[in-house]
Amino acid sequence: MLRLERRSEKRAAGFTAPSRRIPSTVAHICGLALAVISPGLLIAAIVEFIGFGDGGPMLLLCSAIFAVVGGALWFSTRLGDLAPRTVFAAVAWSWVLVSVMGALPFILTRTFQSGASSFWIEIADAVFESTSGYTATGSTVLTTLPDLDDPNPRVGQGVLFYRQLTQWYGGMGFVQLVVTVLPALGRRAMGFIGAEAPGPTADRIAPRAKDTARLLWQVYIGATLLMTVAYTVAGMSLYDGFTHSLTTAATGGFSTYNDSLGEFDSVPIEIVAIVAMMIGGTNFALHWLFLARDRAVYAKDHEFRAFIAVIVAAIGAVTAMLLIGGEIGGDLGPTMRTAVFNVVSLGTSTGFGNAQGAGTAGDFVAWGAGPLIVLLILMTVGGMSGSTAGGVKVIRIRVLGAHVHRLVARSRQPRSVIPLRLGSNIVSDTVAHKIAVYGMAWLAMLVGGLLAVTALGAELEEALSAVIGSLSNMGPALGAAGPTATFQDAFSTPARLVLAFLMIAGRLELIAVLLMFAAPRRSLRKIRPHKHTF
Amino acid sequence: MAVTRTAPAVRAGTIHVLPKPFGIGATIGGVAALAAAFVGLLLDRNEALQEMMILVVVGAGAVVGGRTLGRFQERPKRISPPMAMSMLVAGWSGAALVALIAFALSGEFESIPSAFFEAVSATTTTGFTTIVDPQELTHAMRFLRVMLPWLCGLGVLIAGMGVLPVAIAGIELSPSRGLRRSEQLVTSTRGAVRNIFGMYLLLTATLLLGFLLGGMGPFDALSYALSTASTGGMANHAASIGHFDSAFIDWVATIGMVAAGGSLVIVWAALRGAWDSVLHSTELRLYGCLLLIGFLGVWLIGDNLTATEAAFSVSSMLSTTGLRSGNWAAGGSFTQAILLIGAGIGAMTGSVGSGFRLARVVRVALEVRRSLRGLLYPHRIGVIRIDGEATPEQSLERTYGYLWAHLITLTSIAVLVNVSSLDLMGTLTFSLSLISNVGIVLTDENIAAAVVLDRWSQTVAIVAMVLGRLSIYPVLVTIAGFARWLGRFRPHRSIGGS
């Protein structure tokens, strides 16, 4: 069996002429990742042409560039070393490359052009927007988003469509998409999925990793289409419904309007968004199991129960605090509407807003310290593992809590052997250790990011919330970078680039980013001539 | 997996060993009250005669009561870790109770909860206060506010480095074996108490001399010396040490705070000339690096702060003292971030300072590095070595557990505490300051130690300060054990009843 797998790997790697292809896993995966973006850009170009925008030819050109560069990298290389360090490096570098190259459509269509800023700042803004999109974060520097009744929007519909599409690609992860395309990764495929998957371990819902990836993408596409229908029924146009469903399924939070979902000021649309965000924040493997096998799978899953408990508790706390503080006039109805929407939006790391301008009900930066702390906690916790949501993930928080409980029990009974339990399940010490290390790395990134962003001129409140938001792929921050503002005014250009790096780190759950230089360094060491002993 | 059950933590035996530590704590509080009464007699004379009488009665009662309590208890044959933790909590409770009685009866505080807040703040060496201008208090009361942290700090040092390491082998953050063995700081409980007390007194005396040379009056010099050496941060003036507006005094306090935040084991080793052990201490090197980087960062990148103010602020926050000179909140967000992170990290193990502690930071950093290496080289077996010694895995696990417990506590405090006058960052810094026992809150481009709290927030703050000072676990273990002990009195359900 193993020999067969190896043979198939070799066959895949040497598709035409094995000797001529360069063995480089990193370049091979990067090439394929770029290539899978190309069709999306082609669709965006078509949308731009249909909407009579100016950016159609440039989007078409970008599609071609992605196809050519990606194809060239793909066909000139083959899978080489598949050691864990190479897998981590391949995944991390493919995300960096796609995020940087993904800025090209924004640059060529001059989306961030403004009289005051230089071309380099325009490029930096485009890279920030692209990274925020592909990592499904949702932070934006685009200040020229249209209103619903804008007759002459500055940004074309195709460009906005591409912007929404970036989040959709990043939500489930394009490396996972690549795995479904690669002919034969064999048993190594799970390594790629695991390096990108949100959560401590990647769920396997089919015997073969490739099939797991394909099934998850099918559920993801199905959910997106379902959300499109729901949004349209609730009152959106087909274009708005589809573009918003792309970012809702991905829990990204980009909107095609300046006031996000607040632009519609519609309770049915907000209800659809709340349900859809919860679907996005739930493990997609659970969705598949629900559809295919077990109707009671949600009720049985302890992480899902904890996720719901966190959301319900946060809604209760925020509603109570807002009612006591009287920030939204003290009426239960509007307070409840605002609390539920914003808690779900931030608890699933989506980042949609329902404010209709600065200082209105949904503009949570105007709330008191209590609800803001709850929102910060939600931003940190995030959704479930295996979902498109960011954050530390509910399962990790539960394991860390269980860890503390076990240590207190051990302090009382030092010689006892107490397993780490989650409900009736026992968590292995290896997984618990991985989670602990992740938590420590997350904290280190938070501290480092906070120091870097404040050193680059940001205020403490904005910096803290933006660093947490970026690591959790959240979107809006607090203070001057809240839901009705952009990151343009609150952060300098270098600070935004630091935040963009943190977004990639957060999306890849830190470890891949921390190891991304290990494989290239090893390769360079191999190339470097050895010192002669004699 | 089978769960091996041993005896419950707080059983009858454990309860029986609590009176003596409680008595010792009460004696500490009593001594502080008597000392304050003596100072009042010298400086306040007839102005606060009633208050002095109260302090004498409370102090004498606490000393006599404390000593008497200890006599009723037999010396335990063996002190188990949960027992030691409960004893620590009992000891602190004794001191806090006496402090509460003294503050409440003095009539200087507007309510009993305010007096309780002040008592807990003093006995946990935090430094928060409900008094906006301490100059309104009598000399006796001001002295009590600084004497309590000094004595409780000494108690923490003796308990943490003297009694517990002798009683329990291999507690999580004991000094490295090399230092312990070669320098003979902790040979026996009596020896440890003598050595620790000697060094603590030396530091305080040096600070007293420095402050006197800087131009402070004897009372203020003694008060600030006690406050600095104990990292308590209680001040006699609303502007803290900034009141004197003297660079010399600032530098004396800076050096004092750095010394107070440093490990006494290392100071002991240095005094005995064992420089090899001192210079190889990873924790000390990290302490030095953080002080230097913090100072340079605040001085060079921050706005509006002089070198003296930068050095003062960094040492005040990293040692978790909380004394103030100048307004570092006006130094910009980078300064604020550095100082708040410093306060979160805290001082060295084996010092009076609080916070997460540098030894744990070292362990966490080395663990992350080991795990990343483990991912690169899966077959490699990594051992974490600190100061040349392999760190046991169980001890490392306790450190991670403590990290999560610390974060969970910090988050819970931030949610529960509700101060109407504070914005988001104010609430977060207040919570951090409580758990790290720093005693400084950030309010609208300003820093303060005086806070106006409602009853609920006062209660939360009191719990937070205690959890921070006693490193969370002892409190949790004591509560859990006490709950189990109470459960013994619950009527049993009959299984096969009639």
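Helix 13 of chain B, spanning residues 282–301, comprises 20 residues and extends 27 Å from its first C-alpha to its last, close to the 28 Å expected at 1.5 Å a residue.

Helix 19 of chain B, formed by residues 455–469, has 15 residues and a reach of 21 Å between its first and last C-alpha, close to the 21 Å expected at 1.5 Å a residue. This helix is mostly covered, with eleven of its 15 residues buried. Among the buried residues of helix 19 of chain B are B:Ser457, B:Gln458, B:Gly468 and B:Arg469, together with B:Val460, B:Ile462 and B:Leu467. The elements that cover them include helix 5 (112–123), helix 17 (393–416), helix 18 (424–435) and helix 20 (473–487) of chain B. Just after helix 19 of chain B, B:Ser471 adopts a positive phi of about 60°.

Chain B as a whole contains 20 helices and four strands. Of its 498 residues, 59% are buried. Among the contacts in chain B with a separation of 6 or more, 75% join residues 24 or more positions apart. B:Gln50 counts as exposed because it has 11 C-beta neighbours inside 10 Å. B:Gln50 and B:Arg360 are separated by 310 residues in sequence and by 48 Å in space, C-alpha to C-alpha.

In chain A, helix 13 (residues 284–292) has as its buried residues A:Phe284, A:Ala285, A:Leu286, A:His287, A:Trp288 and A:Leu289. These buried residues pack against helix 10 (209–234), helix 14 (297–300) and helix 15 (302–325) of chain A. Most residues other than glycine have a negative phi. Against this background, A:Phe52 has a positive phi of about 55° although it is not a glycine. A:Phe52 is located in the loop between helix 2 (25–50) and helix 3 (56–76) of chain A, and it counts as exposed because it has 10 C-beta neighbours inside 10 Å. A:Leu510, likewise not a glycine, has a positive phi of about 70°. The loop between helix 22 (493–507) and helix 23 of chain A holds A:Leu510. With 23 C-beta neighbours inside 10 Å, however, A:Leu510 counts as buried.

The contact between the chains takes 44 residues from chain A and 44 residues from chain B. On the side of chain A that touches chain B, at least two residues each come from helix 4 (84–101), helix 17 (369–381), helix 18 (394–412), helix 19 (429–455), helix 20 (460–471) and helix 23 (511–514) of chain A. Helix 19 of chain A gives the most to this side, with ten residues. The residues on the side of chain A that touches chain B comprise 32 nonpolar, seven polar and five charged.

The largest nonpolar core has 342 residues, of which A:Ala33, A:Val91, A:Val453, B:Ala36 and B:Met147 touch the most other members. Helix 4 of chain B (residues 81–106) gives the most to this core, with 17 residues. Leaving aside residues up to four places away in sequence, B:Met147 touches B:Ala32, B:Ala35, B:Ala36 and B:Leu226.

The model scores ipTM 0.88 and pTM 0.89. Chain B has an average pLDDT of 85, and 89% of its residues score at least 70. Confidence in chain B is highest in helix 9 (residues 218–229), at a mean of 96, and lowest in helix 7 (residues 177–183), at 50. Over residues 1–12 of chain B, pLDDT stays under 50, and the model has 30 contacts beyond four places in sequence for this stretch. Residues 166–171 of chain B also have a pLDDT below 50, with eleven contacts in the model beyond near neighbours in sequence. Where pLDDT is low, the predicted coordinates should not be read in detail.

Conventions:
Residues numbered from 1 in each chain as written. Chains lettered and ligands numbered in written order. Predicted model: local features only at pLDDT ≥ 70, side-chain atom pairs only at ≥ 80, totals over all residues. Buried ≥ 20, exposed ≤ 12 C-beta atoms within 10 Å, placed from the backbone. Contact = placed C-beta atoms within 7 Å. Nonpolar A, V, L, I, M, F, W, Y, C, P; charged D, E, K, R; others polar. pLDDT = per-residue confidence, 0-100. Core = buried A, V, L, I, M, F, W, Y, C linked by C-beta atoms within 7 Å. Expected span 1.5 Å × (residues − 1).
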